[in-house]
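Please read them beside the sequence and the coordinates.

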Amino acid sequence: GNVNVNFPARQAYVYQGYVQWGEREAARYGLARIDWANRKNIAAAKTMAQFQNNSYFFGISGLQNYGLLNEPSLPPSITTATPWNASATPPEQIFDDVRRLFSQLQLQSNGVIDSKAAMTLAISNFSDSTLDRTNQYGLSARNQIAKHFPNLTIKTAVQYGQQTGGYLAQLIVNEIDGQPTVRPAFTEKMR
């Protein structure tokens with residue numbers, strides 16, 4: 001058989017951080033038994049990891065470097081019938097929205113993807129609680145999603161709640177024919 005290979009034209013973004021502390025500063029905190037240099041290193045590493053995570057969602061402005069939420073080659077978003085609200089949205093409506101996302105995936109893949117495929121439903125951490133609201137029969141959207149899409153994993157990220165116009169949800173098939181569909185790249189921290 002043949003293989004298709006795609007080399008997207010993107011601009012890499014390489015970045016690094018610096019950590020500074022003085023001997024007197026370290027000695028003063030050392031008297032209090034605080035490992036000042038180590039704490040500053042941990043804080044710098046967390047800041048860099050957060051920046052890298054955001055760059056994988058939003059890319060780097062001014063460069064041909066896009067993220068999962070602004071990649072121009074992705075199909076346009078579809079909207080939910082109503083915004084998900086933990087206290088008001090019925091579970092049936094949320095499940096129907098997820099079903100519509102799956103139908104769109106099937107359409108875009110020419111029917112290659114079935115409901116047993118390994119998929120990820122990416123939502124904001126605020127939307128996650130809406131999945132647990134139950135209907136009059138004690139069923140939640142999370143129950144229905146798990147029943148109809150047994151290999152679907154739900155992942156939350158705060159970036160899905162930072163959009164204008166409400167929270168986003170993405171249904172991502174993890175791989176097609178053994179090829180991963182999402183791979184963060186093009187941003188690298190210097191070590």
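1. Accessibility and conventions. A residue is called buried under 20% relative accessible area, exposed over 50%, and partly exposed in between (1.4 Å probe, protein chains only). The model is predicted: local features need pLDDT of at least 70, side-chain atom pairs count only at pLDDT 80 or more, and totals for chains, interfaces and linings use all residues. Residues are numbered from 1 along each chain as its sequence is written, and side-chain values use heavy atoms, with hydrogens and water left out.

2. Asp177 counts as exposed, because its relative accessibility is 70%. Asp177 belongs to the loop between β5 (175-176) and β6 (179-180); helices (H or I, at least four residues) and strands (E, at least two) are DSSP runs numbered from the N terminus. The phi of Asp177 is near 50°, a positive value in a residue other than glycine. Asn110, in the loop between α3 and β2, has a phi near 55°, likewise positive in a residue other than glycine. Asn110 is exposed at 73% relative accessibility. Most residues other than glycine have a negative phi.

3. The sheet. Three strands form an open sheet in the order β3-β2-β4, with mixed pairing; two strands pair if DSSP finds at least two bridges between them. The edge strands, β3 (152-156) and β4, each pair on one side only. Neighbouring strands are turned by 20° against each other on average, direction ignored. Here axes are lines fitted to C-alpha atoms, for helices over the stretch in contact, and angles run from 0 to 180 degrees between N-to-C directions.

4. Pairing of β2. β2 and β3 run parallel and are joined by 5 bridges. Thr120 has Thr153 of β3 as its bridge partner, and Ala122 stands opposite Lys155 in β3. Towards β4, the pairing of β2 is antiparallel, over 5 bridges, with Leu171 of β4 as the bridge partner of Leu121.

5. Burial of β2. How many residues of β2 are buried? The count is 5 of the 5, so the strand is largely enclosed by the rest of the structure. Both faces are covered: Met119, Leu121 and Ile123 are buried on one side, and Thr120 and Ala122 on the other.

6. The nonpolar cores. A nonpolar core is a set of buried Ala, Val, Leu, Ile, Met, Phe, Trp, Tyr and Cys residues joined through side-chain atoms within 4.5 Å. The largest such core has 19 residues, and those with the most contacts inside it are Met119, Leu121, Leu131, Ile145, Phe149, Leu152 and Leu171. Elements that give two or more residues to this core are α3 (91-108), β2 (119-123), α5 (141-148) and β4 (169-173). Of these, α3 gives the most, with 6 residues. A second, separate core of 5 residues includes Leu69, Ala122, Ala157 and Tyr160.

7. Packing of the helices. α3 lies across β2 and β4, running at about 45° to β4. α3 and α5 pack at an angle of about 35°, with their axes 8 Å apart. Their contact (heavy atoms within 4.5 Å) is made by Pro91, Ile94, Phe95 and Val98 of α3 and Ala141, Gln144, Ile145 and His148 of α5.

8. The buried face of α5. The buried residues of this helix are Ala141, Gln144 and Ile145. Seen down the axis of α5, these buried residues fall within an arc of 100°, so they line one face of the helix; the arc is that of the directions from the helix axis to the C-beta atoms. The buried residues of α5 pack against α3, β2 and β3.

9. The surroundings of Trp84. Trp84 is found in the loop between α2 (36-58) and α3, and is buried with a relative accessible area of 12%. Not counting residues up to four places away in sequence, the residues that Trp84 touches include Ile94, Val98, Ser127 and Leu131. The C-alpha atoms of Trp84 and Tyr167 are separated by 8.2 Å, although the two residues are 83 residues apart along the chain. Ser127 counts as buried, at 4% relative accessibility.
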